[in-house]
Amino acid sequence: MTPLMITLLVIAGIVILIAIGYMSHVVENNKLEKKRTEIELNDRLRRCGEITETFPGQLMTPSLKLLLTRLELNVNQRLLHLNKSSAPVKARITELNALVAQGESIPVNNPPAPIQTEAKAKDVRFLLEALHGQVTRAAQDGFLPTNEAKHWIKEIRHILVLLHIEFFNNLGQHALQQGQPGQARLAFERGVQYLRKQPEPVIYSAQLRQLEAQLARANSTVLTNSKPAEDEVNELTEGMKVVETDAEWKRKSSTIDRPCRLWRTLFVIGHHFASIPPPPSSVKCPSLREVRGSLCLSPSLMDNRCTTSTRAPALSSCWVQATCGAMTCGRRRSKPSRNSTA
């Protein structure tokens with residue numbers, strides 16, 4: 001055997017080994033891809049079944065039930081393509097074909113489930129998110145047309161809004177039944193704000209009016225319950241009484257002081273104080289008292305905040321001063337004249 005033949009045989013062996021390795025790699029990849037697809041389809045089938053069985057009956061419609069049945073049928077057909085000898089899958093496909101043939105008259109057996117707690121609302125929201133994912137994936141696989149997929153995505157958003165409306169309504173009604181109007185007002189207010197933030201609030205105008213009416217009712221109940229009783233005694237009412245008493249005293253004090261200012265003036269004649277004529281009978285003025293032979297106002301009724309000084313111009317050097325609620329009367333020493341100084 002010539003060296004050329006030996007070289008060719010070695011090259012052929014290497015090529016065969018590479019081909020065998022490549023084919024083995026392709027076979028392994030196909031098996032892994034098949035297994036991955038099977039797991040994914042089983043997960044999608046589980047999600048479709050969960051949505052179909054646990055979705056609340058008040059939100060389930062025949063068209064939505066038909067859509068879920070079609071999605072489940074598509075998944076089962078793909079599973080049968082991967083495992084053609086599976087008897088359970090074949091039986092399920094036959095059952096689903098019979099349901100799809102009924103069209104919009106497909107029976108809806110889901111029981112109603114009131115959304116009264118936040119946990120229940122979250123569970124239903126997770127179901128809607130799973131349904132959104134199933135519709136999107138079916139559109140990517142080409143099973144659903146693009147227009148139909150967009151329609152169902154919009155319908156899923158509408159069902160989500162209905163879910164929130166029912167949740168806020170039930171939450172507020174439950175709070176009213178429990179005697180908690182404050183919590184009810186908060187729930188109705190959240191519902192009103194949620195509807196006002198929607199891109200198309202006109203669609204939910206009826207629900208919005210209903211929530212606004214319930215909000216006004218709860219608000220009225222809160223205001224009625226928050227009014228204090230007239231004979232209720234607490235720190236707030238005592239403080240308000242003190243403030244009202246002080247305001248009344250200040251008003252009366254200013255009313256008395258205004259008509260008595262002219263009457264309070266002491267006319268200074270020479271070096272003595274002249275007595276003041278009595279005030280009119282319709283005016284109640286502070287009393288007078290005699291201080292060192294002079295008539296002065298009683299300090300008990302003087303305004304403690306005023307400081308006034310009255311002097312008789314060009315008549316005498318006598319002066320009268322009222323300072324901080326007490327009046328003192330006296331005589332100011334006259335300035336020495338220039339002649340006396342000289």
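**A walk through the helices**

Leu215 sits in helix α7 (residues 205-226). Helices here are DSSP runs of H or I with at least four residues, strands are runs of E with at least two, and both are numbered from the N terminus. This is a predicted model, in which local features need pLDDT of at least 70 and side-chain atom pairs count only at pLDDT 80 or more, while totals for chains, interfaces and linings use all residues. Residues are numbered from 1 along each chain as its sequence is written, and side-chain values use heavy atoms, with hydrogens and water left out.

Start with the surroundings of Leu215. Leaving aside neighbours within four places in sequence, Leu215 is in contact with Arg185, Phe188, Glu189 and Val192. Contact means heavy atoms within 4.5 Å. Pro181 is 34 residues from Leu215 in sequence, and their C-alpha atoms are 9.7 Å apart in space.

Is Gln214 buried or exposed? Gln214 counts as buried, because its relative accessibility is 13%. The cut-offs are these: buried is under 20% relative accessible area, exposed is over 50%, and partly exposed is in between, with a 1.4 Å probe and protein chains only. Beyond four places in sequence, Gln214 is in contact with Asn169, Gln173 and Phe188. With Asn169 there is also a polar contact of 3.4 Å between the side chains. A polar contact is a pair of N or O atoms within 3.5 Å; within protein, one must be able to donate a hydrogen and the other to accept it, and residues adjacent in sequence count only if both atoms are side-chain atoms.

Gln207 is another α7 residue. Its relative accessibility is 23%, so Gln207 counts as partly exposed. Its contacts, neighbours within four places again left aside, are Leu162, Ile165 and Leu195. Gly191 is 16 residues away in sequence from Gln207, at 9.5 Å from C-alpha to C-alpha.

Now turn to a helix pair. The axes of α4 (residues 118-141) and α5 (residues 146-177) come within 10 Å and cross at roughly 180°. That makes α4 roughly antiparallel to α5. Axes are lines fitted to C-alpha atoms, for helices over the stretch in contact, and angles run from 0 to 180 degrees between N-to-C directions. Under 35 degrees counts as roughly parallel, over 145 as roughly antiparallel, 65 to 115 as roughly perpendicular, and the rest as oblique. On the α4 side the contact includes Val124, Leu128, Leu131 and Val135. On the α5 side it includes Trp152, Ile156, Leu160 and Phe167. The contact residues divide into 14 nonpolar, two polar and two charged. Here Ala, Val, Leu, Ile, Met, Phe, Trp, Tyr, Cys and Pro count as nonpolar, Asp, Glu, Lys and Arg as charged, and the others, Gly among them, as polar.

Leu131 touches Ile51, Leu64, Leu68 and Ile156, not counting residues up to four places away in sequence.

Asn76 counts as buried because its relative accessibility is 2%.

Leu99 lies in helix α3 (residues 87-101). At 23% relative accessibility, Leu99 counts as partly exposed. Beyond four places in sequence, its contacts are Thr69 and Ile106. Leu99 and Thr69 are 30 residues apart along the chain, with their C-alpha atoms separated by 7.4 Å.

Finally, the whole chain. The protein chain has nine helices and seven strands. Of its 342 residues, 29% count as buried. Among contacts between residues at least 6 apart in sequence, 59% join residues at least 24 apart.
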